[in-house]
Amino acid sequence: MDIKQPKKRITLGEIAQLAGVSKTTASMILNGKGENFRIRPETRQRVEAIAKQHGYRANAYARSLQAQRTNVIGMVIPDLANYGFASTAKTLEKLCRDKGLLLVIACSDDNPQQEKQAIERLLDRQVDLLITAPTHQDPSYYNQIIKHTPVLQLDRHIPNLELSYVISQDRPAIAELVAQTVAQEGLSEYYYLGGKLALSPSENRLQGFKQGLVQAGLDLNEDWIWHRDYQPDSGYQMLADIVAKLGRLPQAIFTASYTLLEGVLRYLTEHQLMDKLLSGQLHLTTFDDHKLLNALPFKIHSIGQNHQAIAQAMFGLVERYLKQEKLESHQVACEIFWR
């Protein structure tokens, strides 16, 4: 079947010619300034009707050059399927939309090179502001960007870079969760499965885990600490490697993200080990929460981030920037969910 080629878009000059007005008059009308310049209502109606008939849309980039603002915010997150980032992005998009701003979201897959490509494409679209969850700790790349486009950091922040950020206050909640789990279950070992250690949340969550062991009086064994990235496959593989090394399941595991927990549960399912959770031979705890954990027949204590509050804090920074007000960083408290 032949695919029809779209008709050539009508130009502003052609609309002006069809309406019998000058190009300047047509431009004023189609950019919503006809009344300000006292152009007769019947002329405005005629131009608008012709534009509508031919599907004409005013050039947003041309308008932005005049206004020196596009009202477009760029956002780069590591994983569009990640529940936490998706929840934050959903709330933030609505907050932007309600204020006449367009939030354009791209994905880095936690890959620094892909993050750079996503950022470059957003910058090509002349975004007013860039929000990113950095995939590395090197400030040099962002120092080049902030010379012409302001940047805000979400969930992660880069040391030695003077940028405002919104992150979760995760360390105290993790320490409390770990300490109480050790005490309640009488644990003598506790494994930690984390993402890239170079990222600021990874370092914070690991420190919170270690602090919890100290509070519980359980000496740390460095063999308990494992890192890869935050993808589900990494959770699966780390547990597989631990079992291969120990010849058994560990007593307890803390996963530093819900995505890593997903990989751990898949490993247990495929190896017919879910009964170990039911019998209490294995204890699972995790950072990040999901309502599905309430429906499971075994307990997985979790730490929930307040994604709505994170989005609202980030939108507050966006508004303050657009108003040319001083920006400040925010840490949003987490909540422990005991089951």
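The chain of this predicted model has a radius of gyration of 26 Å, whereas a compact globule of 339 residues would have one near 20 Å. Along the principal axes, the C-alpha atoms fill a box of roughly 85 × 55 × 35 Å. Within the chain there are 13 helices and 12 strands.

Helix 1 (residues 12-19) and helix 3 (residues 41-53) have axes that come within 9 Å and cross at roughly 130 degrees. Helix 1 is therefore oblique to helix 3. The crossing of helix 1 past helix 3 is right-handed. On the side of helix 1, the contact is made by Ile-15, Leu-18 and Ala-19, and on the side of helix 3 by Arg-46, Val-47, Ile-50 and Ala-51. Sorted by class, this contact of helix 1 with helix 3 has 6 nonpolar residues, no polar residues and 1 charged residue.

Helix 3 also takes part in a contact with helix 2 (residues 23-30), and here the axes come within 10 Å and cross at roughly 80 degrees. Angles of 65 to 115 degrees count as roughly perpendicular, and helix 2 and helix 3 are therefore roughly perpendicular to each other. Helix 2 contributes Ala-26, Ile-29 and Leu-30 to the contact, while helix 3 contributes Thr-43, Arg-44, Val-47, Glu-48 and Ala-51. The residues of the contact of helix 2 with helix 3 divide into 5 nonpolar, 1 polar and 2 charged. Val-47 and Ala-51 of helix 3 are listed in the contact with helix 1 and also in the contact with helix 2.

The strands can now be considered. Strands of a sheet pair through backbone hydrogen bonds, either parallel or antiparallel. Gly-74 has Leu-130 of strand 3 as its bridge partner.

Another open sheet of 6 strands has the order 7-6-8-9-10-12, and its pairing is mixed. Its edge strands, each pairing on one side only, are strand 7 (225-227) and strand 12 (335-337). Neighbouring strands of this sheet are turned by 15 degrees against each other on average, direction ignored. Strand 9 (residues 283-287) and strand 10 (residues 300-304) run parallel, with 4 bridges joining them. Thr-286 is placed opposite Ser-302 in strand 10.

This sheet, too, carries helices. Helix 10 (residues 232-246) lies across strand 6 (191-194), strand 7 and strand 8 (252-255), and runs at about 150 degrees to strand 6. Helix 11 (residues 258-270) packs on the sheet by touching strand 6, strand 8, strand 9 and strand 10, and its direction makes about 155 degrees with that of strand 9.

The last pair to be considered is helix 8 (residues 170-185) with helix 9 (residues 200-216), which pack at an angle of about 35 degrees with their axes 7 Å apart. Helix 8 passes helix 9 in a right-handed crossing. The contact residues of helix 8 include Asp-170, Arg-171, Ile-174 and Val-178, and those of helix 9 include Pro-201, Arg-205, Phe-209 and Leu-213. By class, the residues of the contact of helix 8 with helix 9 divide into 9 nonpolar, 6 polar and 3 charged.

Technical notes: Residues numbered from 1 in each chain as written. Predicted model: local features only at pLDDT ≥ 70, side-chain atom pairs only at ≥ 80, totals over all residues. Heavy atoms only, no water. Pairing = 2+ DSSP bridges. Helix = DSSP H or I, 4+ residues; strand = E, 2+ residues; numbered from the N terminus. Axes fitted to C-alpha atoms, helices over the stretch in contact; angles between N-to-C directions. Parallel < 35°, antiparallel > 145°, perpendicular 65-115°, else oblique. Left-handed = near helix turned anticlockwise from the far one by under 90°. Contact = heavy atoms within 4.5 Å. Nonpolar A, V, L, I, M, F, W, Y, C, P; charged D, E, K, R; others polar. Rg over C-alpha atoms; globule rule 2.2 N^0.38 Å.
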